[in-house]
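Dear colleague,

Please keep the structure open while you read them.

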Amino acid sequence: MKFLLNLFAVLCIFLSLEEVTSHGVQPLSTIAIEKAVFALDSTALIKASPSVLGVDEKNKEWVSVEYSSSKPSIDDWIGVFSPANFSSSTCLPENPRVGPPYLCTAPIKYQFANFSNSKYKDSGKGSLKLQLINQRSDFSFVLFSGGVSNPKVVAVSNIVAFANPNAPLYPRLAQGKTWNEMTVTWTSGYGIDLAEPFIEWGPKGGQKIRSLAVTLTFDRNSMCGAPARTVGWRDPGFIHTSFLKELWPNSPYTYKLGHKLLNGTYIWSGNYQFKASPYPGQNSVQRVIIFGDMGKDEADGSNEYNNFQRGSLNTTKQLIDDLKNYDIVFHIGDICYANGYLSQWDQFTSQVEPIASRVPYMIASGNHERDWPGTGSFYGNMDSGGECGVLAETMFFVPAENRAKFWYSTDYGMFRFCIADTEHDWREGTEQYKFIEHCLASVDRQKQPWLIFIAHRVLGYSSTDFYANEGSFAEPMGRDDLQKLWQKYKVDIAFYGHAHSYERTCPIYQNICTSNEKHYYKGSLNGTIHVVAGGGGASLSDFSTFTPRWSLFRDSDYGFVKLTAFDHSNLLLEYKKSSNGEVYDSLRISRDYRDILGCAVDSCPSVTLAS
């Protein structure tokens with residue numbers, strides 16, 4: 001009987017792992033594009049202007065769309081398609097007996113015809129302002145009737161295109177595998193059979209050199225399921241990464257993206273700049289931004305994202321406005337919520353370009369990047385929409401030994417960051433557990449006193465309602481094995497996303513606060529502070545009605561965390577709201593190296609009279 005009860009308990013845990021926590025529906029998934037039919041109306045009209053974009057080398061432009069219908073309805077909507085040819089001629093039949101659908105590609109964005117035209121149903125006339133980014137192909141605009149559940153093509157616009165759709169775009173920096181290496185990743189339409197990719201770079205005001213780039217891409221067969229493999233598929237172009245080595249610490253550098261065509265012609269991006277990382281242990285002011293679950297949003301209000309990722313643009317704007325006051329960003333999972341609609345990754349890299357082109361933009365893997373049944377993910381749900389990690393692993397560089405195993409460490413001055421991958425097993429005895437212990441154990445705390453653990457799902461503590469309902473106040477089995485590592489190696493702060501809110505605990509070990517202080521910690525913490533910073537932009541999570549004793553501050557709002565290491569002895573944590581950038585919670589840690597060396601419960605080997 002006892003065996004059966006234990007077996008039932010284990011089954012309950014694994015069933016909970018299968019459960020998908022819903023934080024909203026990807027708007028493009030609401031369109032039944034495979035049911036679309038052509039019902040062209042000669043009296044209907046839709047046109048877009050200008051027809052040529054980017055003539056002044058801009059990679060983001062506003063387009064005016066005008067449309068009219070003789071049978072207007074509140075269900076009419078405008079879809080933006082790229083490539084412009086979206087008809088059945090581009091669709092693959094499922095088998096010889098079943099013909100392909102009329103449309104096999106979802107739009108890259110959409111908006112209802114009456115969005116900015118309240119009298120559209122009466123007049124049959126309307127207009128929209130939509131923002132397009134350069135995405136390596138042309139665009140067309142389509143007027144649909146029948147709503148998103150029964151779409152009918154009423155009219156198709158002229159074609160709109162960027163002057164050079166293949167241009168190198170959206171650079172994103174990341175720390176390399178050594179502290180004095182910076183990587184630059186970007187996207188273009190040039191394969192290596194068309195052009196040679198490189199970075200031209202050097203010290204600001206100094207001599208420039210060129211570093212070649214490696215090139216990656218993938219095809220539809222790399223996707224694990226629908227919609228990424230079906231209506232959400234879009235050619236990703238080519239993703240290039242160049243490695244800038246032997247940088248001088250904290251020094252400014254400039255760079256630009258280049259492609260040398262086969263005929264000797266050069267294609268250039270604009271000019272960018274960054275500051276090299278400090279060396280491990282360097283005593284300088286170092287500022288870090290941490291958040292999760294931001295996603296993307298549309299400045300033109302399209303895709304009905306206002307009910308899905310409402311805070312994304314605010315978070316992005318605050319970080320752009322404050323660029324001079326931080327040095328590195330950690331976006332800890334649930335990056336853009338493309339959920340299998342690949343066009344959204346380009347739009348996300350465009351949104352964060354002003355940030356990622358200037359400071360290292362480090363990411364962690366979340367459920368919306370990785371999870372898919374039968375692909376080795378720890379959770380058997382379908383949150384990635386069939387991407388199964390391919391997009392995150394290709395679009396962004398991380399200094400992992402194997403990017404399919406998305407755990408890695410990175411040093412930034414006085415910080416050591418150990419980034420875990422919660423979509424793979426982290427429990428004792430696994431490959432990842434061994435990595436985590438090595439990352440925590442190998443740091444020299446005299447040089448790098450600030451030891452930070454990062455993961456997407458909450459492996460520590462959270463009173464978000466769905467975790468409280470589990471009864472574990474974290475991922476089931478989350479801290480069972482890891483808390484002894486956090487305690488043994490004296491991890492200062494552990495950060496998580498997944499729960500779309502902000503929460504900070506006391507320094508804690510085994511569910512017990514190790515300090516009664518709430519904002520200013522002097523000397524040894526004797527435990528680890530756990531911070532949920534998942535309010536980057538996706539729809540917010542609710543807290544449980546019960547507030548545990550270890551939960552010191554909770555806020556169900558959009559925001560991000562800023563860490564500032566002033567020196568080896570003083571650290572400041574600030575939680576800022578995305579709506580205004582103001583600080584709503586903070587703590588300080590002040591200590592010396594001897595405080596790190598001191599023993600706390602379970603942090604030093606046991607001593608007996610015999611020893």
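K484 has a relative accessible area of 35% and is therefore partly exposed, in a model that, please keep in mind, is predicted. The side chain of K484 meets that of E428 in a salt bridge, with 2.7 Å from N to O. This pair links distant parts of the chain, since K484 belongs to helix α9 (residues 483-488) while E428 lies in the loop between β22 (415-419) and α7 (431-441), 56 residues apart. E428 also counts as partly exposed, at 45% relative accessibility.

Because R234 sits in the loop between β14 (209-216) and β15 (238-244), whereas D346 is part of helix α4 (residues 343-356), the pair ties together parts that are 112 residues apart in sequence.

A further salt bridge joins the side chains of R416 and D411, at 2.4 Å from N to O. Here R416 has 9% relative accessibility and so counts as buried, the cut-off for that word being under 20% relative accessible area.

Finally, there is a group to look for by eye: K109, K296, E298 and D300 are linked in a network of salt bridges.

Best wishes

Definitions and conventions. Residues numbered from 1 in each chain as written. Predicted model: local features only at pLDDT ≥ 70, side-chain atom pairs only at ≥ 80, totals over all residues. Heavy atoms only, no water. Helix = DSSP H or I, 4+ residues; strand = E, 2+ residues; numbered from the N terminus. Salt bridge = Lys/Arg side-chain N within 4 Å of Asp/Glu carboxyl O. Buried < 20%, exposed > 50% of the residue type's maximum accessible area, 1.4 Å probe, protein only.
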